[in-house]
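Hello,

Here is the structure I said I would pass on. My notes on it follow below.

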Amino acid sequence: MQMFSNLFKRSSENEAKEDKQQEEQTAAEIAEKTPETEEQDGAEEPEAEADGEEAAEADGDEEPEETKETAKGLRGLWEKTRRLASTPVDPWFSKISQGLDKTRRQFVGRISNLFSTSGKIDEEFWEELEDILLTSDVGLKAANTILDELRRVQKEKKIKDPQELNNEIKVIISRILQAEAGNNGLHPDKDKLTVIMMVGVNGTGKTTTTAKLASKFREEGHKVLLAAADTFRAAAIDQLQVWADRIKIDLIRHQEGSDPGAVVFDAIEAAKARGCSIVLIDTAGRLHNKNNLMEELRKIKRVANKACPGAPHETLLVLDATTGQNALEQARVFNNVTELTGLIMCKLDGTGKGGVVVGIGQEFNIPVRYIGVGEAIDDLREFNPEQFLDALFAAPDNYKNIEKLEQEEAAAEEE
Ligand SMILES: Nc1nc2c(ncn2[C@@H]2O[C@H](COP(=O)(O)OP(=O)(O)OP(=O)(O)O)[C@@H](O)[C@H]2O)c(=O)[nH]1
Ligand SMILES: [Mg+2]
């Protein structure tokens, strides 16, 4: 029972934290919609009082106390809203934190739950932790590193209470993420041309991410040109054209079925002529086990290099986080063919498999550059290991389904 009440305490603490986060986010939205907050404050506040007076009159003073309460309540709500509206929030953090919700439950939440419900650290405890790590997409290598390190720290610090391991495991995962050389977004030189090629298997988010990146670089002051090198199907070219029109960035395109190398060559030549600093190449989705398609990538690279020595300067593999461990295999094969310079993990929102970000860092020495947390143009974020980890551990859902636990406890008591 003690264990269970602890669990409850922790759950309400977390709920309070989550509520606070939600409130802060609402506040930010309100602040955005009401730029002249101060002026509106003045205009709205008496109105709330007037509402209360009007209501009192209409009711013919029958329920003055209740009406007074309503007016007080309204004023209280307004004051709270005004206070929250002036609270600065970090939109990066709240978006990532929301996006990682499922991963938090399935990865960090299960770990925290184990730590808070295990009375002692024994072999059974370690086995259960191993099980959680292996089933949350961090991969075998990362799982082993985490386990070995945690056992070492536990011994060294003579830790007896499993709950004390919560912070230790966070430090270990942080170290794994930090170890990835150069983890974070790209900041190319504006004075010279940088050619960036996007690669990946079908449907991972290449075209969307190409547009998101183009928009981001333009905001940073670059002159950007897009190259529609997915000539495999007409819809792909049109899809990028729609984005190009929306974000008002020029696109170089050829006919459906034409040589993607020729598109890249033309795009680079055009970029040089127009004084662009970035060319972003969207390529066709290719299954990593289809040799001819992978060979085509090599050809595109050769053509790019001919048009601009050193190009492509960046080859970014776009991965779909919902594929979990499969992303690791894709990274392995693409890296053999094209020497990847960075990874972009898309669709982290709405998946419980975000642990794959930790695994991929451990497996390859390729930095994670960006993460995708939604379909909108600004839903691409620079990957920052520290902030990512903070978001992951932000409000650990360290309690399982309470009802299920209650049932389990009741069943155990009956036995
Ligand atoms: N939720 C979510 N959806 C995303 C994200 N990135 C891309 N998508 C969606 O994933 C789908 C596929 O995206 P595309 O950009 O067309 O993927 P692609 O890799 O170009 O696909 P192919 O060209 O067919 O290989 C689209 O519906 C996108 O809106 C993300 O970070 N989060
Ligand atoms: Mg595409």
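Not counting residues up to four places away in sequence, Leu-280 is in touch with Ile-196, Met-198, Thr-210, Leu-213, Ala-214, Val-224, Leu-226 and Ala-227. Please keep in mind that this is a predicted model. As a general point, nonpolar side chains in soluble globular proteins tend to be buried together.

Next, a residue in a strand. Leu-343 belongs to strand S6, which covers residues 342-346. Leu-343 counts as buried because 28 other C-beta atoms lie within 10 Å, where the cut-off is 20 or more. Leaving aside residues up to four places away in sequence, Leu-343 touches Leu-317, Leu-319, Ala-331, Ile-360, Ile-366, Val-368 and Arg-369. Of these, Val-368 is 25 residues from Leu-343 along the chain, with the two C-alpha atoms separated by 4.6 Å.

Last, a helix pair. Helix H6 (residues 123-134) packs against helix H7 (residues 139-156) at an angle of about 150°, and their axes are 9 Å apart. H6 is therefore roughly antiparallel to H7, since angles over 145 degrees are classed that way. The crossing of H6 past H7 is right-handed. On the H6 side the contact is made by Trp-126, Leu-129, Glu-130, Leu-133 and Leu-134, and on the H7 side by Ala-143, Ile-146, Leu-147 and Arg-151. Sorted by class, this contact has seven nonpolar residues, two charged and no polar ones.

Regards

Key
Residues are numbered from 1 along each chain as its sequence is written. Chains are lettered from A and ligands numbered from 1 in the order in which they are written. This is a predicted model: local features need pLDDT of at least 70, side-chain atom pairs count only at pLDDT 80 or more; totals for chains, interfaces and linings use all residues. Helices (H or I, at least four residues) and strands (E, at least two) are DSSP runs, numbered from the N terminus. A residue is buried if 20 or more other C-beta atoms lie within 10 Å of its own, exposed if 12 or fewer, and partly exposed in between; C-beta atoms are placed from the backbone. Two residues are in contact if their C-beta atoms, placed from the backbone, lie within 7 Å. Axes are lines fitted to C-alpha atoms, for helices over the stretch in contact, and angles run from 0 to 180 degrees between N-to-C directions. Angles under 35 degrees count as roughly parallel, over 145 as roughly antiparallel, 65 to 115 as roughly perpendicular and the rest as oblique. A crossing is left-handed if the near helix is turned anticlockwise from the far one by less than a right angle, and right-handed if clockwise. Ala, Val, Leu, Ile, Met, Phe, Trp, Tyr, Cys and Pro count as nonpolar, Asp, Glu, Lys and Arg as charged, and the others, Gly among them, as polar.
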